[in-house]
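Subject: Structure for you to look at

Hello,

Here is the structure I promised to hand over. Please open it next to this email and follow along.

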Amino acid sequence: MTPAATEIDLLIEARWVVPVEPHAVVLDNHAVAVDGGQIRAILPIAQARGTYAPRERVELLEHALIPGLVNSHTHNPMTLLRGLADDLPLMAWLQQHIWPAEAKVIGPEFVRDGVELAVAEMLRGGTTCANENYFFPDVIGATYRRLGFRAVVGLPVIEFPTAWAKSQDEYFERAGEVHDSFRGDGLVGTAFAPHAPYTVSDQSFERIRVLADQLDIPVHLHLHETATEVEEERKKSGLRPFQRLQKLGLVNDRLIAVHMTQLTEGEIAACAEAGVSVVHCPESNLKLASGFCPAEKLRRAGVNLAIGTDGCASNNDLDMIGELRTAALLAKAVAADAAAFEAAYALRAATLNGARAMGLESRIGSIEPGKQADLAAVRLSDIETQPLFHVASQLAYAAGRHQVTDVWIAGRRKLAARELVDIDPAAILAKAHAWRERIAAFS
């Protein structure tokens, strides 16, 4: 007697499934069974059809199904500042253009509309999770939750007054309130987001260290982004910024260190020993001429290396497929080794390593039973990705975000045949146009 097929919500049948874990594995003609937002099984299509009775079946017979991409460093409200001040070095870009522009427009509506535009762009590129670092995290988190997008929202700390908080105590009070409001949320988590060592005091860092331990959340900050930053800290305190954080007890497995273009061999070893996660933002670093992250040295040392786009004001896009390609190519050039940062590792850095940095590796980042069904389908039958010999290589070195056709977050379809689901592109574009007129009037 043949047992009855098990009812499930969704069965996705793909020409290839790239689970990321186990590493460098590609499964031909496999299906992913999804129920209750979770991955139930990965098995051959023929076996899946006899095992499951799905309420919805999706056939993707020209596609690679990958974990949803994880953008490990973003400033997504700044999507509305895309292209405002290009071709400038970091500090001139920040101090003379970006910070003055933000001061004139920053507020809940700017933040909400920027995040909406960013979510639409990220979904169309296969990204399902972002590590956010910006002001008004209450609005940011609420917008992500409303749109059904996964995120870790930064709780900002900086030493000068902003539209978000006027004093050190207020930054921490509001951080606690925002953290509490998302406690236990299925999609939105929190992390402390001190801007950088050059804008945050020892006293604030000490408070962050204690509270991050108490609340069990990461600490996400810019670190060693430029040689100038490192040299100015050395002149001021006699320490490199990384040494200063070591002295304050912040170099540990909660630390998400972004950029890290200026590293000694000892600092790389210390990151590996302490369990620090490093986020590589190659296109932003290239555009701002900030320097080169020694990505392959970090990988070889055993450091958890993730990938982020940074904000659209300095990148100028949220294209994680493009970013992982740039990361792989740049790593080879910096290491002077064509075998460095191979294609399968680039995909891992853009998925599971990002999830691990954010403390989400048990929930997302790979296609494994029990994990959330955050998935993206990339059509590989296009002219640009033919002929196809190796799936991982094609994803890393040839595919483009325009080939992402379908996306799910926690089993819910967010992109269907290139069309956004439950998001109105026309309304988002109208808001972007209105912000453009407002910002252009004073810039």
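Below are my notes on the domains and on one pair of helices.

Keep in mind that this is a predicted model.

Domains first. The chain is divided into two parts: domain 1 covers 6-67 + 372-410, and domain 2 covers 69-358. Their C-alpha centres are 29 Å apart. On the domain 1 side, 25 residues touch domain 2, and 29 residues of domain 2 touch back. Together the two domains bury about 2,100 Å². Of that area, 62% is on carbon and sulfur atoms. Which residues of domain 1 lose the most area to domain 2? They are Tyr397, Arg401 and Ile409. Together these three make up 34% of what the domain 1 side buries.

Now the helices. Two packed helices are described by the angle between their axes and the distance between the axes. Look at helix 3 (residues 108-124) and helix 16 (residues 425-440). Their axes come within 10 Å and cross at roughly 130°. Helix 3 and helix 16 are therefore oblique to each other. Their crossing is left-handed.

Which residues meet there? Helix 3 brings Glu109, Phe110, Arg112, Asp113, Glu116, Leu117 and Ala120. Helix 16 brings Ile428, Lys431, Ala432, Trp435 and Ile439. By class, this contact has seven nonpolar residues, five charged ones and no polar ones.

Best wishes

Notes:
Residues are numbered from 1 along each chain as its sequence is written. This is a predicted model: local features need pLDDT of at least 70, side-chain atom pairs count only at pLDDT 80 or more; totals for chains, interfaces and linings use all residues. Side-chain values use heavy atoms; hydrogens and water are left out. Axes are lines fitted to C-alpha atoms, for helices over the stretch in contact, and angles run from 0 to 180 degrees between N-to-C directions. Helices (H or I, at least four residues) and strands (E, at least two) are DSSP runs, numbered from the N terminus. Angles under 35 degrees count as roughly parallel, over 145 as roughly antiparallel, 65 to 115 as roughly perpendicular and the rest as oblique. A crossing is left-handed if the near helix is turned anticlockwise from the far one by less than a right angle, and right-handed if clockwise. Contact means heavy atoms within 4.5 Å. Ala, Val, Leu, Ile, Met, Phe, Trp, Tyr, Cys and Pro count as nonpolar, Asp, Glu, Lys and Arg as charged, and the others, Gly among them, as polar. Domain bounds come from an automatic or database domain assignment. Buried area is the accessible area (1.4 Å probe) that two parts lose on being put together, summed over both.
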